[in-house]
Structure formats: structure tokens, C-alpha cells
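Hi everyone, thanks for making time.

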Amino acid sequence: MPQSSAQDRIHRLVPSPAGRTHLVEQGSGPLVLLVHGFPESWYSWRHQLAALAAAGYRVVAIDVRGYGRSSRPEAPTAYRILELVEDNVAVVEALGEESAIVVGHDWGANIAAVSALVRPDVFRAVGLLSVPYAPRGGPRPSEIFAQMGGDEEFYVSYFQEPGRAEAEIEPDVRGWLAGLYAALSADTMPAPGAPDPHFVSPGGAQRDRFPTGRLPHWLDERDLDLYAGEFERTGMTGALNRYRNMDRDWEDLADHDGAPITQPSLFIGGGRDASTTWLADAIAAYPTTLPGLLSSHLLDDCGHWIQQERPEDVNRILIDWLTRVTSDK
């Protein structure tokens, strides 16, 4: 098997509908496109790039529109999910490929799922990390989120008003990121029964509920500096605009109401991640919603940042699944 290291990574800027997409590429073979979530960057896949490249794949981790070195359109509507799907398609085309396997984490899982749903001609398999696939349906997302938490405000609702979350985060990006990463990591998250960091008290801030004083095991000071440096340079609005388009996504995907994703698929979740516990019904519905599911895993004692908390397990699962997908072809 060919050896691969961080020194083999290539940074590139390629044309996209937003202007340009920054990507990090490593290896050769079938194309695997990695899509990060909030609030991260291509760097969240640092443990996967070398491992998948060494396993015989051309691995490409992007900065999603609004993040890092990728373009950041000013209009909030430019961050609707179908626009991000077209960015993914543009990356595949710019790399001279006709198709790709797409894998996403957190918001990247939603972007990957919709990419596979609406462009099955390009995305021939889909892997989802941390956030399960749930087909479009039901009331508007904003109506659902407004009903959550009682007197408290669900974080997605808190993120809706332009400038509001930015005013909390941007004066101390590094501290806020450290707190969020710790709040959703298995080894540093608040104890059971403590105030939930997914909700905001009336008149309060989300960071009021973040743990302090210790970084999770997967995040060192250098990693935190890299993440913080990117957001200090770009600001948070591009990243937060993804949340501000959820109702528009619901409208845009009306023709796909209840639609399954039929390509070969994978799901990996964290056993202590609220995304998997709150969406347990979506996981249970996989025989209907993901009829091409080849592999599904819940990692015990793992939080939300799954490919960083448990890189060896995630790499092993990904490579086993990719082998099945590419062998079937």
C-alpha cells in the first residue's frame, strides 16, 4: 500500500459558483470529497487525508463557501444548500472527474446528503458523520425550532438574527470555539443534568453554558490556534449564514419531500452526541430513507467531533466502506 503523509497535501483554489473553493488534495485513485461542518474547516479532516490517500483514494477536503480561503458572498441567500451542492459539483468538475464519493460531517453531512439526493449523476455514494439523514418534510424548520426549549432558546433559533451570534463570538473567537468544542466532546461535555449548551437562557449567551479550563483530548493549542485564526480573519457570518437558510432549503427541496437517498451509504454517529440521540427516529428510519445503507455505526463514549475524537475508528470504518463501494463498481 502506498505511503502518504501531510507533506503530500496540495492546497488549491478552483472555480466555483461562489467564486472560488479552497481545497486540500492528497493521494490518487477514486475521488472522495470531504465536507466539513460548523464551526470548522478542511482541517477537521486532517486525520483522514493521509489515511484515505494511503488506502488508494484521491481525497479532497474543501473549505465550504463562507469558510477559510473559499469565497464568502455577501448575500445571506447565497448560502442555501442547493448553492453549496453546486459548489461540490464544481469541485468535481474542476478536478477533471465525472463522479465522486461524498462524505460530510455535521452541516457537511446535510450538504453531502442533499448533494447525493439532487445530483446522483455526480455523487455515486454518500457517507454521513454525526448528523443522520432525515428527508425534507413536516413544518418549516423555524417553526419546529421555535417550539423547542420552553423558556430557553434553541441555538439554531439564536443563530437566526444577523449579527446577534457574531456579537457574542467575534470579540473572543478563540475562547468561544474552545468552549463549544469542549461542550460537545465526550471527555469534556457538561455532566448529565447540567444546563444544556444547545440552549440559551433568556438574556444570556450560548457561551454561558460552555465548560472552561480544559481542552478536549483531540484538540491541542496549535489546532485551536488554526481554527481561531481562520475565523478571526473571515468573521463568523459566512458560517452562520448556513443556519439562516434552513427555511429556504425547506422551500427549495419541496419536490424531494420524503425522498430517500438510494446510492450506497454510510452513517457513523457518536454515542454521546445529541445529534444522534435527538434524531434517533431518523436513524431507525434508515431502511426506508437510506435503502442503500451498507454500514451504520454508533461509537461508544464519543461526542460530536467524531472524525477528530476517534480518528482511527473512523478511518477504519471509512476505508472498509469505501472498499465495498469501489469494489461493487
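Let me start with a question: in which loop is Asp-106 found? Asp-106 sits in the loop between β5 (100-105) and α3 (107-118). Please keep in mind that this is a predicted model.

Why look there? Most residues other than glycine have a negative phi, and most peptide bonds are trans. Asp-106 is not a glycine, yet its phi is positive, about 60 degrees. With a relative accessibility of 10%, Asp-106 counts as buried, because the cut-off for that is under 20%.

Ser-130 also has a positive phi, about 80 degrees, without being a glycine. You'll find Ser-130 in the loop between β6 (123-129) and α4 (141-146). Ser-130 is buried too, at a relative accessible area of 0%.

One more backbone item: Phe-38 and Pro-39 are joined by a cis peptide bond, with omega about -15 degrees. Pro-39 belongs to the loop between β3 (31-35) and α1 (46-54).

The largest pocket holds about 1,200 Å³ of space. It is lined by 46 residues, and the closest to its centre are Asn-110, Val-131, Phe-145, Met-246 and Leu-279. Which helix gives the most to that lining? That's α3, with 6 residues. By class, the lining of the largest pocket has 33 nonpolar, 8 polar and 5 charged residues.

The second largest pocket has about 310 Å³ of space. Its lining counts 20 residues, with Met-189, Asp-196, His-198, Arg-272 and Ala-274 nearest the centre. Here α11 supplies the largest share, 3 residues. The lining of the second largest pocket divides into 11 nonpolar, 6 polar and 3 charged residues.

Conventions:
Residues numbered from 1 in each chain as written. Predicted model: local features only at pLDDT ≥ 70, side-chain atom pairs only at ≥ 80, totals over all residues. Heavy atoms only, no water. Helix = DSSP H or I, 4+ residues; strand = E, 2+ residues; numbered from the N terminus. Buried < 20%, exposed > 50% of the residue type's maximum accessible area, 1.4 Å probe, protein only. 1 Å grid on protein atoms, 1.4 Å probe; cavity = no way out; pocket = protein on both sides within 12 Å on 5 of 7 lines; lining within 4 Å. Points joined across faces, edges and corners; volume = space filled by probe spheres on them. Nonpolar A, V, L, I, M, F, W, Y, C, P; charged D, E, K, R; others polar.
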